[in-house]
Amino acid sequence: MIGNRITHRTADGVRIPGTWRHAFIRNGGHYFLTDLFIYADGLINCWGLVTVEEFEEKLRTGWVATSFPEGGKASAHGLAAWKFGEPESWITPELLVAEVRDTIDQLNGRPDSTGRCLAAVDVFLAERTEENRAEARAAFLAIPETQRRYALGDMDSKDRPLRILVAGPGSRTYLSFDGTVSQEDYDSALGYFEERAKWRAEKATSVSADGPATSHAPAVHLAQTFPREPTDHPGKTGLRHDYPAPITVADTDYPSVAHAYWALSVNDPETREAIATAQTAAAARTLAAQAPRREGWEHARTAVMTALLRAKYHQHPELAEVLLATDDATVVYDDMNSAFWGDNAGRGRNWSGRLLELVRSELSARNAGIAGV
């Protein structure tokens, strides 16, 4: 289960999502508690990127360890060292590989072993033949044993209704303490799944009161550009802060949002004027870099940029239409000079993109006649 353990790596500028779990690496007879990183492209980092098949070999040779000798030496990232005393492990190499394969499926949004099992159970419930039950039972037993209790997502019942259903009356589950499944147990399990089907149907037809959680439009990438002159049809280039779309702020004219931003960032009035009249946005930035920032600028800069973007799209309705045409897309903004303002292949914070989305939302609210916006 991934939970909140979300990470990524970047390969050739592409962000590859991943997660991690704890594991022991055995190196030179010493056991190291470390993090095992698993990525959506099927690579696993266990002190080096390997494929799933290579990972299985690492387990076979004991490089990735799932059992530990009495008295074996271990350490954790230089934080502590100890020797194993009466070691007990809850996972085997086979279970660990199965869990890793499930994790890769989850990262890719594919049905994992649990998803495949529940699909097979649906088939059985729709047509209750022994052949379909056998398929559901096989799919259930294919779930790593460590994960079966979570299959229904019900921590009150855990997997009891599921293991009874796939076993059937007169048979036994995979747990010896269950005993032989009685007809009463089986009928109870059927009743559980009937109630579960009703709940799932209600959930499927429910509509979020606040709309979708994610955008439906493809992401918009605003690549780094160095525009010098305005054009009749700038397209998305016109959404760049350095695009020459003059704005007036507090009775002062600026050739672009970038000019205004850099001018307002400095204290000295003469420098501010020089920045405001610089030939290009790049020249404005260079002048600003050579002057002291206003006190507290780093805390005020997002508010300043928001105000400047509002001015730009209020004073240039044609560019406001370009921004609105991006619909609800995520705006990915590149800025080679700033990891704060730019996304920069996933290595930056993309505040420019975020604020463009905010202003776009404000424009939509205004067009919709929503009061107070």
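**A buried arginine, a nonpolar core and paired strands**

Arg 240 is buried, with a relative accessible area of 2%. Buried means under 20% relative accessible area, exposed means over 50%, and partly exposed lies in between (1.4 Å probe, protein chains only). The model is a predicted one: local features need pLDDT of at least 70, side-chain atom pairs count only at pLDDT 80 or more, and totals for chains, interfaces and linings use all residues. Residues are numbered from 1 along each chain as its sequence is written, and side-chain values use heavy atoms, with hydrogens and water left out.

Arg 240 sits in the loop between β9 (220–222) and β10. Helices (H or I, at least four residues) and strands (E, at least two) are DSSP runs, numbered from the N terminus. A polar atom of the Arg 240 side chain lies 3.3 Å from the backbone oxygen of Ala 223. Contact here means heavy atoms within 4.5 Å. Neighbours within four places in sequence aside, Arg 240 is in contact with Leu 222, Ala 223, Gln 224, Thr 225, Lys 312, Tyr 333 and Asp 334.

Lys 312 belongs to the buried residues of helix α10. This helix covers residues 297–315, and its 19 residues should span 27 Å at 1.5 Å a residue. The expected span is 1.5 Å times one less than the number of residues. The end C-alpha atoms of α10 are 25 Å apart, which agrees. Other buried residues of α10 include Trp 297, Val 304, Met 305, Leu 308, Leu 309 and Tyr 313. The buried residues of α10 pack against β10 (247–249), α7 (257–264), α11 (317–324) and α12 (351–367).

In soluble globular proteins, nonpolar side chains tend to be buried together. A nonpolar core is a set of buried Ala, Val, Leu, Ile, Met, Phe, Trp, Tyr and Cys residues joined through side-chain atoms within 4.5 Å. The largest such core has 37 residues. Leu 309, Tyr 313 and Leu 356 have the most contacts inside it. At least two residues of this core come from each of β9, α7, α8 (269–276), α9 (281–289), α10, α11, β12 and α12. Helix α10 gives the most, with 6 residues. Leu 309 touches His 241, Val 257, Leu 355, Leu 356 and Val 359, not counting residues up to four places away in sequence.

Leu 319 is found in helix α11. At 3% relative accessibility, Leu 319 counts as buried. Leu 319 and Gly 238 are 81 residues apart in sequence, yet 6.5 Å apart in space, C-alpha to C-alpha. Leaving aside neighbours within four places in sequence, Leu 319 is in contact with Pro 234, Gly 238, Leu 239, Tyr 243, Ala 245, Lys 312 and Tyr 313.

Strand pairing was examined next. Two strands pair if DSSP finds at least two bridges between them. Strands β2 (residues 14–27) and β3 (residues 30–39) pair in the antiparallel sense over 10 bridges. Asn 27 has His 30 in β3 as its bridge partner. The hairpin of β2 and β3 has 2 residues between the strands, and Gly 28 takes a positive phi near 60° there. Strand β3 also pairs with β4 in the antiparallel sense, over 2 bridges. Ile 38 stands opposite Ile 44 in β4. This hairpin has 4 residues between its strands, and Gly 42 in the turn has a positive phi of about 90°.

Strand β3 runs parallel to β7 (residues 73–76), with 2 bridges. Phe 32 stands opposite Ser 75 in β7. Strand β7 is in turn joined by 4 bridges to β8 (residues 80–83), and these two run antiparallel. Lys 73 stands opposite Lys 83 in β8. In the hairpin of β7 and β8, with 3 residues between the strands, His 77 takes a positive phi near 50°.

Positive phi values also occur in loops. Trp 47 has a phi near 65°, although Trp 47 is a residue other than glycine. Trp 47 is found in the loop between β4 (44–45) and β5 (49–50). Trp 47 is partly exposed, with a relative accessible area of 42%. Asp 327 is not a glycine either, and has a positive phi of about 60°. Asp 327 lies in the loop between α11 and β12 (331–333). At 41% relative accessibility, Asp 327 counts as partly exposed.

Key: A polar contact is a pair of N or O atoms within 3.5 Å; within protein, one must be able to donate a hydrogen and the other to accept it, and residues adjacent in sequence count only if both atoms are side-chain atoms.
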